Amino acid sequence: MKGNGVSGNSNPSRRVGALFDGARDWWATAKAWQRYALYLAALVFALILPAPWIGSFMSPGADWTSVLIFPIGTYILLAIGLNVVVGQAGLLDLGFVAFFAIGGYSVAYFGTQYGWNYWATAVFGIILAAVSGVILGAPTLRLRGDYLAIVTLGFGEIVRIVANNTDEIGGARGITNIPHPPEMFGMKFLLDPAPYYYLMVAAIAVVIVFSVRLQKSRVGRAWAAIREDEDAAELMGVPTFKFKLLAFAIGAMIGGLAGGIYAGKAVFIEPNTFPFILSATILAAVVLGGSGNLPGVMLGAFIIAWLPERFREAGWLKDLLGRDPAEYRILLFGGVLVLMMALRPEGLLPSRRRRAELQEGTGGMGAMGAEVAGPDSEASSEVSK
């Protein structure tokens with residue numbers, strides 16, 4: 001079966017792909033006790049992950065537990081949220097950082113100005129982010145592909161600029177002294193990063209369950225139909241606009257949740273905390289991991305978040321370059337990403353359906369939101385979409 005990345009090929013990337021495919025096949029036929037055993041092992045691994053002996057290798061130049069919260073945990077949470085919009089519904093969103101900012105500013109503003117309880121501000125931030133997603137999506141979701149990407153990019157920049165010019169929320173100075181979460185299960189949320197890490201793990205676990213349940217429901221099937229061919233889905237009676245709006249709202253909720261947790265840990269936020277490049281980075285994580293496949297998306301977010309931190313203190317790089325590798329870490333990180341995408345363009349761990357859509361490239365939403373013409377497409381019909 002040459003050419004499909006499954007077997008019978010000496011290409012290293014395809015051997016890696018075959019390994020992933022084998023693991024997925026095993027998982028598809030695994031018994032219930034095997035699945036629960038793996039869930040338990042993953043939970044135990046998450047609990048011991050901040051151990052110093054792991055951190056000495058994973059992040060020798062920075063506090064490993066802090067790195068686990070930001071960027072790793074935050075990126076994973078944001079990637080799961082963006083995967084709902086991009087991977088499941090096939091809508092290209094370049095302004096996702098706006099919802100992260102709305103969640104963070106909600107916790108910061110209402111906690112400092114009105115003294116609200118942290119959890120109340122976090123819930124309000126999630127709701128406000130969802131409402132913002134609906135407000136953004138209602139007039140724009142009739143657009144597709146590149147046009148939708150440009151509009152969402154503009155929304156992300158509008159939110160940042162408004163925050164920068166609004167004195168009520170601190171303007172360019174930002175907001176300081178954001179309240180920490182109150183004590184919970186004997187854990188005090190102060191300077192120690194460990195309680196925030198476990199809070200992040202709990203949030204990621206809840207969001208994973210929510211996302212998987214959605215994907216297997218009627219909503220998830222409607223999103224898949226829209227992603228593969230929106231026109232066909234509409235002709236078959238799927239209310240495409242309603243489901244696309246729902247995808248925007250749910251993705252925004254998860255972004256707002258990530259922003260609320262980040263603000264509680266950071267204590268200080270300002271407009272430059274939420275640049276456009278963060279949206280692009282999270283989108284890169286989703287594409288790199290394999291959009292539409294939750295384990296792949298989480299793997300992609302982990303790699304995107306961890307590699308720059310690892311390159312910062314790589315001794316072999318210092319010997320090779322003769323200079324501080326921190327100066328070149330983003331360049332090296334970009335090179336690794338280009339190499340990965342060249343060897344594995346459909347992502348490290350794509351779902352079978354998503355990979356088939358990307359390999360066909362016959363138009364519709366199967367090409368990551370872009371309108372890609374297939375071999376039988378007419379130019380005039382593609383332009384009119």
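What percentage of the 385 residues of the protein chain count as buried? In this predicted model, the share is 49%.

**Figure 1. Overview of the protein chain.** The predicted model contains 17 helices and 0 strands. Its accessible surface is about 18500 Å², and carbon and sulfur atoms account for 66% of that area. Of the contacts between residues at least 6 apart in sequence, 69% link residues at least 24 apart.

**Figure 2. Packing of helix H5 against helix H6.** Helix H5 spans residues 97-113 and helix H6 spans residues 118-140. Their axes lie 8 Å apart and form an angle of about 140°. The two helices are therefore oblique to each other, and their crossing is right-handed.

**Figure 3. Residues in the contact of H5 with H6.** From H5, the contact involves Phe99, Ile102, Gly103, Ser106, Val107, Phe110 and Gly111. H6 contributes Tyr118, Thr121, Ala122, Phe124, Gly125, Leu128, Ala129, Ser132, Gly133 and Leu136. Sorted by class, 10 of these residues are nonpolar and 7 are polar, with no charged residues.

Figure 4. Lys188 sits in the loop that runs between helix H7 (145-165) and helix H8 (194-215). Is Lys188 buried or exposed? Lys188 counts as exposed because its relative accessibility is 52%, and the cut-off for that class is over 50%. When neighbours within four places in sequence are left aside, Lys188 is in contact with Glu183 and Pro195.

Key: Residues are numbered from 1 along each chain as its sequence is written. This is a predicted model: local features need pLDDT of at least 70, side-chain atom pairs count only at pLDDT 80 or more; totals for chains, interfaces and linings use all residues. Side-chain values use heavy atoms; hydrogens and water are left out. Helices (H or I, at least four residues) and strands (E, at least two) are DSSP runs, numbered from the N terminus. Buried means under 20% relative accessible area, exposed over 50%, partly exposed in between (1.4 Å probe, protein chains only). Contact means heavy atoms within 4.5 Å. Accessible areas come from the Shrake-Rupley method with a 1.4 Å probe; for residues, only the protein chains shown count as cover. Axes are lines fitted to C-alpha atoms, for helices over the stretch in contact, and angles run from 0 to 180 degrees between N-to-C directions. Angles under 35 degrees count as roughly parallel, over 145 as roughly antiparallel, 65 to 115 as roughly perpendicular and the rest as oblique. A crossing is left-handed if the near helix is turned anticlockwise from the far one by less than a right angle, and right-handed if clockwise. Ala, Val, Leu, Ile, Met, Phe, Trp, Tyr, Cys and Pro count as nonpolar, Asp, Glu, Lys and Arg as charged, and the others, Gly among them, as polar.
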